[in-house]
Amino acid sequence: MKDKWSPALQIRTVLLSIQALLSAPNPDDPLANDVAELWKVNEAEAIRNAKEWTQRYANVDN
């Protein structure tokens, strides 16, 4: 139970946890199997895709 989220967590702790997950992806426990498979087979292409999708879908100018 100790590893579960609680409202007592500080925003700093939450942001550090998110940063850790983003900086060290785990393709063996994926949310999207196709993305994880690409990461395992061709990490450089997976990173290119991530950058492209970030530009396309997270850009405020769209």
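I18 counts as partly exposed because its relative accessibility is 40%, where partly exposed lies between buried (under 20% relative accessible area) and exposed (over 50%), with a 1.4 Å probe and protein chains only as cover. The model is predicted, so local features need pLDDT of at least 70 and side-chain atom pairs count only at pLDDT 80 or more, while totals for chains, interfaces and linings use all residues. Residues are numbered from 1 along each chain as its sequence is written, and side-chain values use heavy atoms, with hydrogens and water left out.

**Fold**
- The chain has three helices and zero strands, arranged along the sequence as α-α-α, where helices (H or I, at least four residues) and strands (E, at least two) are DSSP runs numbered from the N terminus.
- I18 belongs to helix α1, which spans residues 11-23.

**Burial**
- Of the 62 residues in the chain, 5% are buried.

**Largest pocket**
- The volume of the largest pocket is about 710 Å³, and among the 23 residues that line this pocket, L22, P25, V35, A36 and W39 are the closest to its centre.
- A pocket here is an open set of points on a 1 Å grid over the protein atoms alone, where a 1.4 Å probe fits, with protein on both sides within 12 Å along at least five of seven lines, and lining residues have an atom within 4 Å of a point.
- Helices α1, α2 (33-41) and α3 (43-57) each supply at least two lining residues, and the largest share, six residues, comes from α3.

Definitions and conventions. Grid points are joined across faces, edges and corners, and a volume is the space filled by probe spheres set on the points.
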